[in-house]
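Visitor: I am new to this structure. Could you show me how to read one of its helices?

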Amino acid sequence: LEPHYCETYADMVLSLRSRYPEFPPEREGEPARTFTRILLNHVQEEYERLPKTMEPSDEQRLRFTVKEDLDLEIAQQKKKFLANMKFIGNLYLRGLLSVKVVNSVLKELVFGKNSESPEEHFIDCVCELVRSIGHTLDSTPQGKDMIDFLMRRLKDLRQEDQYSTRVKLKMLDLLELRSNGWVQKQFKDTAKKVAEVREEAAKESRNERAGREKQFFNVAVA
């Protein structure tokens with residue numbers, strides 16, 4: 001998945017579901033397979049590929065003996081599962097995934113798949129997913145309960161020493177986003193308008209010229 005096209009992918013899935021609501025069974029006597037069930041299975045399979053740690057595996061170390069290549073591989077891996085989180089969020093926004101499914105994913109992520117303190121990339125996934133769907137999730141009773149729980153959990157995790165400043169700031173940004181009603185802070189553009197800049201430059205030029213003329217006049221009189 002490419003992160004920039006997650007919304008497009010989700011729109012395509014929504015269109016396909018309306019065209020192909022179900023598929024014939026692979027074997028006689030088996031029930032027909034619905035599009036939704038196939039989608040859920042695929043999402044679950046992708047989610048379960050999320051590694052427990054971002055430490056390179058032995059196989060990766062053998063394949064990529066140059067450090068820069070290994071770092072690039074890990075970065076690409078992280079980019080892929082963050083894109084998957086964004087895709088899950090867009091599926092939920094289009095009614096293709098239920099609140100129950102999303103809540104289950106979020107709860108597992110903030111506890112790190114059976115770990116009391118999740119790895120940093122799990123928190124990255126939480127932040128990516130919640131930034132995509134937080135406003136919508138917070139507008140439903142079940143979703144609001146989950147958001148309340150998440151915010152309390154993130155506040156607790158920010159106090160732990162094991163997390164980098166980057167991740168702590170990411171959690172803080174999400175906490176502030178929720179407290180701000182899911183509205184991104186708009187920083188005022190302090191840059192001056194082109195006309196103002198030109199006017200100031202012209203004024204400075206006039207002042208400098210006047211100063212030189214005054215100095216020349218004083219020298220000439222002396």
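**Reading helix α8**

Guide: The buried residues of α8 are Val167, Met171, Leu174, Leu175, Leu177 and Arg178. Buried means under 20% relative accessible area, exposed over 50% and partly exposed in between (1.4 Å probe, protein chains only). Helices are DSSP runs of H or I, at least four residues, numbered from the N terminus. This is a predicted model, where local features need pLDDT of at least 70, side-chain atom pairs count only at pLDDT 80 or more, and totals for chains, interfaces and linings use all residues. Residues are numbered from 1 along each chain as its sequence is written, and side-chain values use heavy atoms, leaving out hydrogens and water.

Visitor: What covers the buried residues of α8?

Guide: The cover includes α6 (120–137) and α7 (141–158). Contact means heavy atoms within 4.5 Å.

Visitor: Which residues does arginine 178 touch?

Guide: Leaving aside residues up to four places away in sequence, arginine 178 touches Asp138, Lys144, Ile147, Asp148 and Met151. Arginine 178 has a relative accessible area of 18%, so it counts as buried.

Visitor: What follows α8?

Guide: Glycine 181 does, with a positive phi near 75°.

Definitions and conventions. Helices (H or I, at least four residues) and strands (E, at least two) are DSSP runs, numbered from the N terminus.
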